[in-house]
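Hi,

Here is the model I promised to pass on.

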Amino acid sequence: MFVRLSTRNPRLTAPHLRAEWADGSRVCTRTIRGSLIRNGLIGRTAAKKPFLTNNQRIKRLKWAKRCQGTMSGNDWNEVIFSDESKIDLHPSHPVPIRRPIGQSRYHPKYTAKTIKHRGGSIMVWGAIWANGKRVLVKVDGTLTSQKYVQILERHLLPIMGPNDIFQQDGAPAHTSHLFKSFMEENGVALLPEWPAQSPDLNIIENMWVELKKRVKDQNPRTVGDLWLAAEKAFYEIPDNFIKNLFESIERRIECCVRRKGHPTRF
């Protein structure tokens, strides 16, 4: 009974399952947990994925199927993947500790110290090419359509190839009339109809994860140091790392189709 209840609703805790079982029997939560574990239902932390409406899921599926029919591995090598990301000076991470039985979890020795507003942060915009070429720009304040166009004009256009296709998500600054006019005037080809809520399909997201790991290892002390650390780390990421990301695109799309548009493992 507990296995069936937990399978139907995996969010139910042992006390919840005990309350759901309304046959009048008295069963302790430890017995319930043991029963679930013996049947392979182990407590886990749910993976964090963007919420998708049914319409967004359908659009993801249609986009992925269209890409399967029109894009090959070599075609994806012509795409420039781009995005923005925020980098915190003191990011919040779970801190594993070992605490003896009976010791207070609130003793200073066993607590993780937090900093208000995480000590400051920076916003960056970046883009990557299949051959390892890349660009990283610090964004001051909110990314408006005017700032976005300036970034593209100064940092993207001068190094774009004639066959490059530009990818971006649907953020407001990316869809303004100013941006559209700018791209048309400069003859920049866009990867069409990028689906909303799809960071798992944008390979630059993995670049941000690697970047933040490397920035953390440098232990910057100020926001100024944070930008220097981020810039240094971004350009030190091996070209082969980016090559592997581009090679994963077709697998991501295949996984999206197989999952019928639902979030993938990427």
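Tyr-235 counts as partly exposed, because its relative accessibility is 40% (buried is under 20% relative accessible area, exposed over 50%, partly exposed in between, with a 1.4 Å probe and protein chains only). Before I go on: this is a predicted model, where local features need pLDDT of at least 70, side-chain atom pairs count only at pLDDT 80 or more, and totals for chains, interfaces and linings use all residues. Residues are numbered from 1 along each chain as its sequence is written, and side-chain values use heavy atoms, with hydrogens and water left out.

You'll find Tyr-235 in helix H9 (residues 223-236); helices (H or I, at least four residues) and strands (E, at least two) are DSSP runs, numbered from the N terminus. Leaving aside neighbours within four places in sequence, Tyr-235 touches Arg-134, Val-135 and Leu-136, where contact means heavy atoms within 4.5 Å.

**Aromatics**

Tyr-235 also pairs edge-to-face with Phe-234, at 5.4 Å centre to centre and 90° between the planes. For pairs, the ring centres of Phe, Tyr and Trp (its six-membered ring) lie within 6.5 Å; planes under 30 degrees apart are stacked, over 60 edge-to-face, and the rest tilted. Phe-234 is buried, with 0% relative accessibility. The whole structure has eight aromatic pairs, and one aromatic cluster is made of Trp-63, Trp-76, Phe-81, Trp-194 and Phe-246.

**Helices**

Which residues of helix H6 (residues 145-156) are buried? They are Ser-145, Tyr-148, Val-149, Ile-151, Leu-152 and Leu-156. Looking down the axis of H6, these buried residues fall within an arc of 155°, so they line one face of the helix (the arc is that of the directions from the helix axis to the C-beta atoms). Their cover includes strands E1 (79-88), E2 (121-128), E3 (134-139) and E4 (165-166), plus helix H7 (177-185).

Further along, helix H10 (residues 239-247) packs against helix H11 (residues 249-258) at about 35°, the axes being 4 Å apart. Axes here are lines fitted to C-alpha atoms, for helices over the stretch in contact, and angles run from 0 to 180 degrees between N-to-C directions. H10 brings Leu-245, Phe-246 and Glu-247 to the contact, and H11 brings Ile-249, Glu-250, Arg-251 and Arg-252.

Cheers
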